[in-house]
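Welcome! Take a look at the picture, then follow the points below.

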Amino acid sequence: MTRRPSIRDVAREAGVSITTVSRALNDVEGSRLPDDTRRRVRQAAERLGYAPNKMARGLRTQRSHMLGMISDHIATTPHAGRLILGAQEVAMSRGWALMLINTGGDPDVEARGIQALHQQQVDGVLYATMYHQVVEVPAALHDLPLVLADARTEGDGPPAVVPDEVRGGYDATRELVGHGHRRIGLALNSDDVPATHGRLRGYRQALEEAGIAPDPALVVQEESESTGGYLACRRLLERTPRPTAIFCYNDRMAMGAYRAAAELGLRIPEDVSIIGFDNQEYIADGLYPALTTLQLPHYEMGAWAVDRLMELIGDPARNPGDVPVRTLPCPLVRRSSVAAPPA
């Protein structure tokens, strides 16, 4: 075709009406189009190189079809970048764009970023953090549909999605119990954050369920980095009797556990089993032996947050305070660092 394809061309190519094309490409709510019809229309549009006129569509619907995303360090860290990917892929699959503002944790940058989102007339905002934490939502966002990702507020607040920290701590400890371990140490983060409390609670629940009395001496808190993991696990492994397994708060602390075990002449997993948390790229599968750990659901949180935000945009009268915090599971990723305790 020598001219720009029109919606009429797409309708003719797909064998449907112009109205059907509009509903299929614009995800009109309540249209109830069959999946095969929607797919046929989109394939026809792709073949012809047709793209809806976003400006005209915005004038009709009074929407920009753009979402904003405010984050602290997500865009500059390898830990949580998949949250952006999950949000972006869901938004793009619906024909929406995602505008990302990375604040670096600077309140002034955050304020200017929010102002920029208002100037771009975004239809809704994701407020995301690098790790699960309790936040206070900036007042400048209160007039927009809003969903929190990897964060929540105290009490009632916007819809939020976070990892299931308690279940994650339970599953990690249960994996060790299932291999026969009875004396299980915990190298825990020293920061006062939801993950610290949730994973400790899950650890205790799994022990108690297995008939093992939690021993406070087997819980050591340090910073959640490799050095902290080394210090915590060195103290645990020097105890008599020493633990036969250690649950580390995250994979970086597990790196320190590997160093502590090596210095004491202990083999993993023959002499001591190690399990981490996060499934952090280049750490969990890069250690030797490869680390058994739990996967933080970053991609799933980003995808869920956009889905929920689209619901709020479609129904602005809905009270977001009535929506509870959604917790997503942290799947266990088995590798080679866990085995039965030594005889």
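**Helix α1 against helix α3**

Helix α1 (residues 7–14) packs against helix α3 (residues 35–48) at an angle of about 120°, and their axes are 9 Å apart. That angle makes α1 oblique to α3. Please keep in mind that this is a predicted model.

- The crossing in which α1 passes α3 is right-handed.
- On the α1 side, the contact is made by D9, V10, E13 and A14. On the α3 side, R40, V41, A44, A45, R47 and L48 take part.
- By class, the residues of this contact of α1 with α3 divide into six nonpolar, no polar and four charged.

**The chain as a whole**

- The protein chain holds eleven helices and twelve strands.
- Taken along the principal axes, its C-alpha atoms fill a box of roughly 80 × 40 × 35 Å.
- The protein chain has 343 residues, and buried residues make up 50% of them.
- Looking at contacts between residues at least 6 apart in sequence, 71% join residues at least 24 apart.

**The six-stranded sheet**

- Six strands form an open sheet, and their order is β2-β1-β3-β4-β5-β11. The pairing in this sheet is parallel.
- β2 (97–102) and β11 (326–328) stand at the edges with a single partner strand each, so one side of each has no neighbour in the sheet.
- On average, and with direction ignored, neighbouring strands of this sheet are turned by 20° against each other.

**A closer look at strand β5**

- Strand β5 (residues 160–163) is joined to β11 by three bridges, and the two run parallel.
- Which way do the residues of β5 point? A160 and V162 point one way from the strand, whereas V161 and P163 point the other way. All of these residues are buried.

**Helix α11 and its neighbours**

- From α5, the contact is made by R82, L83, L85, G86, A87, E89, V90 and A91. From α11, the residues are H298, Y299, M301, G302, A303, V306 and D307.
- The contact of α5 with α11 has nine nonpolar, three polar and three charged residues.

**A245 in strand β8**

- A245 is found in strand β8 (residues 245–248).
- Is A245 buried or exposed? With a relative accessible area of 0%, A245 is buried, because residues under 20% count as buried.
- Leaving aside residues up to four places away in sequence, A245 touches L176, H181, R183, I184, G185, V272 and S273.
- A245 and D271 are 26 residues apart in sequence, and their C-alpha atoms are 8.6 Å apart in space.

**Backbone details to look for**

- Most residues other than glycine have a negative phi, and most peptide bonds are trans. The next points describe departures from that pattern.
- The peptide bond from T240 to P241 is cis, with omega near -5°. P241 lies in the loop between α9 (226–237) and β8.
- Y288 and P289 are also joined by a cis peptide bond, and omega is about -5°. P289 lies in the loop between β9 (273–275) and β10 (293–294).
- D150 is not a glycine, although its phi is positive at about 60°. D150 lies in strand β4 and is buried, with a relative accessible area of 2%.
- N279 is not a glycine either, and has a positive phi of about 55°. N279 is found in the loop between β9 and β10 and is buried, with a relative accessible area of 17%.

Key: Residues numbered from 1 in each chain as written. Predicted model: local features only at pLDDT ≥ 70, side-chain atom pairs only at ≥ 80, totals over all residues. Heavy atoms only, no water. Axes fitted to C-alpha atoms, helices over the stretch in contact; angles between N-to-C directions. Helix = DSSP H or I, 4+ residues; strand = E, 2+ residues; numbered from the N terminus. Parallel < 35°, antiparallel > 145°, perpendicular 65-115°, else oblique. Left-handed = near helix turned anticlockwise from the far one by under 90°. Contact = heavy atoms within 4.5 Å. Nonpolar A, V, L, I, M, F, W, Y, C, P; charged D, E, K, R; others polar. Pairing = 2+ DSSP bridges. Buried < 20%, exposed > 50% of the residue type's maximum accessible area, 1.4 Å probe, protein only.
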